[in-house]
Amino acid sequence: MWRRIARFILSYRIALSVILLGITIYMGFMAPHVQLSYEYASLLPKKDTVYQENQDFIKKFGAGSDVIVIGVQDSNFFNIDHFNRWDEMAAELKKIDGVEGMLSVANAYDIYKDRKAHKFKFDSIFPSRAQSQEQLDTLVEKLHTLPFYKGQLYNEKTHTYMMAITVSKA
């Protein structure tokens with residue numbers, strides 16, 4: 001059997017070399033079009049009810065994006081200079097192409113119910129730039145009254161604050 005294979009390869013070496021060269025050239029031309037996929041492989045069959053419910057959820061709400069988290073531990077975080085620099089950094093990062101959204105202490109929202117319109121309304125806790133330390137201290141007290149952000153955006157005990165940056169998959 002090995003002799004037949006060796007005889008075939010030696011008999012048709014030029015034709016096989018041309019075919020191998022053609023395949024190599026084709027692969028070389030296709031190399032720039034190779035893309036990586038960061039999606040998870042599906043472990044469930046497509047007919048499974050859980051898989052179908054998940055696909056319906058993704059159609060309705062969209063798939064999760066990639067998130068980059070930046071954290072800082074600073075006992076002087078709410079010093080007006082530190083806080084304004086954090087806010088400026090967030091604004092600069094938001095300008096980068098591919099950044100879809102951002103959540104940080106500096107751009108946290110207070111959510112309240114508008115009973116007349118029967119809707120929820122969102123108000124930014126902090127203005128675009130704090131003007132004085134007293135103003136910032138008042139706004140920080142308001143932030144600390146909102147239980148949703150405790151342990152999510154900040155930790156009072158360790159003086160740790162974070163920024164979550166959502167970037168596009170592309």
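The structure is a predicted model in which local features need pLDDT of at least 70 and side-chain atom pairs count only at pLDDT 80 or more, whereas totals for chains, interfaces and linings use all residues. Residues are numbered from 1 along each chain as its sequence is written, and side-chain values use heavy atoms, with hydrogens and water left out.

Y38 counts as exposed, at 67% relative accessibility; the classes are buried for under 20% relative accessible area, exposed for over 50% and partly exposed in between, with a 1.4 Å probe and protein chains only. From C-alpha to C-alpha, Y38 and A130 are 40 Å apart in space, and 92 residues separate them in sequence.

The overall architecture comes next. The protein has five helices and six strands. Read from the N terminus, the order of its elements is α-α-α-β-α-β-β-β-α-β-β. The radius of gyration is 28 Å, well over the 15 Å that the globule rule gives for 170 residues, so the protein is more spread out than a compact globule. Here the radius is taken over C-alpha atoms, and the rule is 2.2 Å times the number of residues to the power 0.38. The C-alpha trace spans about 90 × 40 × 30 Å along its principal axes.

Of the 170 residues, 21% count as buried. The accessible surface comes to about 13,800 Å², and carbon and sulfur atoms account for 59% of this surface; the areas come from the Shrake-Rupley method with a 1.4 Å probe, and for residues only the protein chains shown count as cover. Contact means heavy atoms within 4.5 Å. Among contacts between residues at least 6 apart in sequence, 59% join residues at least 24 apart.

The C-alpha atoms of Y161 and Q73 are separated by 6.3 Å, although the two residues are 88 apart along the chain. With neighbours within four places in sequence left aside, Y161 is in contact with I70, G71, V72, D74, F77, F78, W86, V105, L153 and Y154. Y161 also belongs to one aromatic cluster with F77, F78, F83, W86 and F126.

The structure holds nine aromatic pairs. Rings of Phe, Tyr and Trp (its six-membered ring) pair if their centres lie within 6.5 Å; planes under 30 degrees apart count as stacked, over 60 as edge-to-face and the rest as tilted. F8 and Y12 form a tilted pair, at 5.0 Å centre to centre and 50 degrees between the planes. F8 is partly exposed at 46% relative accessibility, and Y12 is partly exposed at 46%. F148 and Y149 form an edge-to-face pair, with 5.3 Å centre to centre and 75 degrees between the planes. In this pair F148 is exposed, with a relative accessible area of 60%, whereas Y149 is buried at 6%.

A charged residue may be considered next. D87 is found in helix α4 (residues 80–94) and counts as buried, at 15% relative accessibility. Beyond its neighbours within four places in sequence, D87 is in contact with A106, P127, S128 and R129.

H118 is not a glycine, yet has a positive phi of about 55 degrees. H118 lies in the loop between β3 (109–114) and β4 (119–124) and is exposed, with a relative accessible area of 68%. H159, likewise not a glycine, has a positive phi of about 55 degrees. H159 is in the loop between β5 (154–155) and β6 (160–167) and counts as partly exposed, at 33% relative accessibility.

How values were computed
Helix = DSSP H or I, 4+ residues; strand = E, 2+ residues; numbered from the N terminus.
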